[in-house]
Amino acid sequence: MPDTQNTPASPSLARALQVASRVDAIEPFRVMEMVKQAAAMSRAGIDVISMSVGEPDFTAPEMVASAAIEAIRGGATQYTESLGLPALREAISGHYTRFYGLDVDPRRIVVTAGASAGLLLACAALVAEGDEVLMPDPCYPCNRHFVSAFGGKPVLLYSSAAERYQLTAAHLAEHWNDRTRGVLVASPSNPTGTSMTVPQARELLAAVRRRGGFAIVDEIYQGLSYDDKPVSALALDDSVITVNSFSKYFSMTGWRLGWLVVPENLVPVFEKLAQNLFICAPTIAQHAALACFRDDALEIFEGRRLEFQRRRDFLVPALRELGFAVPVMPDGAFYVYADIAGLPHRHAGDSTAFGKAVLEQAHVAIVPGDDFGFAAPRRHVRFSYATKYERIEEAVQRLARLLPR
């Protein structure tokens, strides 16, 4: 007799498995297709300049790597508390005091397995089946998918350049209804690199509060702000939930570490969810992150921020000179959201075809606007300047050769 208990399921049985309907509401992340094509070209020996993925070309500095190695050698590799290492929560609290002048109780800080895990926890806690959550269009695609994963309905509202591509109190006045439960915004934003002004943020958060809703504010790029001193939403409304990360300013993308600041009364809710969904954030990464707040580490991170600003200050005027429209100077992150409609190119009305042409003919990888919303994706592309200055200069020269003047 065959051992049927250990017999693998047949392909026909595997095909018959029913996938949960929530998956239908989540679209593929199209930028990854562009990344795969660029990687294949690179493997074939073609020199491709990547201006697509939102990942710093810098990595964790030596003192952070050394702290991780020390943790491994010292056996500090077991589970931590679900809310995170107390020492790390204290360090993050001190960071808010030092950089923002804010007194954030470390007990309100929830350390997470990256900002993505933080957003998942926030949506798990606040979004019920059928709830509508307002967000700007354009915005980071995964934000709306986090809402969809918990049965909510993301409602993207066209946000113009005049509004800095951000959600406003006027949007809420027009679109808030009985099914609306809150807003999810990012400042600075991916893909636009633009932040809400302080008056804009204050008005938006006040409008949410008057309606009894929640506000989730993604601040993962706030450390990479260039023109004005950044102001956290926590300074404007203590009831907001902010999301942050060690990935961008601290250059720790693959370490998968982030944090939330939540209202005190919601801490037990987030702790219960974190215990069940994640147990804890990666322990080694938490110990390593303690070194991020050393003076010598912060000096490195500030130097890198200034380097990103130098790249922006070159790239935006260069793109405008080539005919790209960049109506709002990005003030943070490392993205330029450019309008291609006026370019002298046969694909100026189709960002996907244009992006493909730029990759295949100029060997520069950029991101078409399709991922970021529904309002005007075909006329926009996103450039990431998270690559070396000299490579950005070369990319501009290649674009100049592609675009007739």
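How many bridges join strand E7 to E8, and do they run parallel or antiparallel? Four bridges join E7, residues 241-245, to E8, and the two strands run antiparallel.

Quick ground rules. This is a predicted model: local features need pLDDT of at least 70, side-chain atom pairs count only at pLDDT 80 or more, and totals for chains, interfaces and linings use all residues. Residues are numbered from 1 along each chain as its sequence is written, and side-chain values use heavy atoms, with hydrogens and water left out. Helices (H or I, at least four residues) and strands (E, at least two) are DSSP runs, numbered from the N terminus. Strands pair if DSSP finds at least two bridges between them.

Stay with E8, residues 258-261. Strand E2, residues 109-112, also joins E8 through four bridges, again antiparallel. Look at leucine 260. Valine 110 has leucine 260 as its bridge partner in E8. Valine 243 stands opposite leucine 260 as well.

Now the faces. In a regular strand, side chains alternate between the two faces of the sheet. Both faces of E8 are covered. Gly258 and Leu260 lie on one side, Trp259 and Val261 on the other, and all are buried. Buried means under 20% relative accessible area, exposed over 50%, partly exposed in between (1.4 Å probe, protein chains only).

Which way does H11 run against H13? H11 is residues 295-322, and it packs on H13 at about 5°, axes 10 Å apart. That makes H11 roughly parallel to H13. Axes here are lines fitted to C-alpha atoms, for helices over the stretch in contact, and angles run from 0 to 180 degrees between N-to-C directions. Under 35 degrees counts as roughly parallel, over 145 as roughly antiparallel, 65 to 115 as roughly perpendicular, and the rest as oblique. H11 brings residues including Phe314, Leu315 and Leu322 to the contact; H13 brings, among them, Ile392, Val396 and Leu399. Contact means heavy atoms within 4.5 Å. By class, there are ten nonpolar, no polar and four charged residues. Ala, Val, Leu, Ile, Met, Phe, Trp, Tyr, Cys and Pro count as nonpolar, Asp, Glu, Lys and Arg as charged, and the others, Gly among them, as polar.

Next, H12, residues 351-362, against H13, residues 389-402. The angle is about 105°, with the axes 10 Å apart. H12 and H13 are therefore roughly perpendicular. Val358, Gln361 and Ala362 of H12 meet Arg398, Leu399 and Leu402 of H13. Four of these residues are nonpolar, one is polar and one charged.

H12 has other partners. Its buried residues include Phe354, Val358 and Leu359. The buried residues pack against helix H2, strands E10, E11 and E12, and H13. At the N-terminal end, aspartate 350 is the cap: a side-chain oxygen lies 3.1 Å from the backbone nitrogen of threonine 352. Just after H12, histidine 363 takes a positive phi of about 60°.

Histidine 171 sits in helix H7, residues 169-175. Is histidine 171 buried or exposed? Histidine 171 is buried, at a relative accessible area of 7%. Leaving out residues up to four places away in sequence, histidine 171 touches Leu157, Tyr158, Ser159, Glu163, Gln166 and Trp176.

Glycine 130 lies in the loop between helix H5 and strand E3. Glycine 130 is partly exposed, at 39%. With residues up to four places away in sequence left out, glycine 130 touches Gly151, Gly152 and Arg179.

How values were computed
A polar contact is a pair of N or O atoms within 3.5 Å; within protein, one must be able to donate a hydrogen and the other to accept it, and residues adjacent in sequence count only if both atoms are side-chain atoms.
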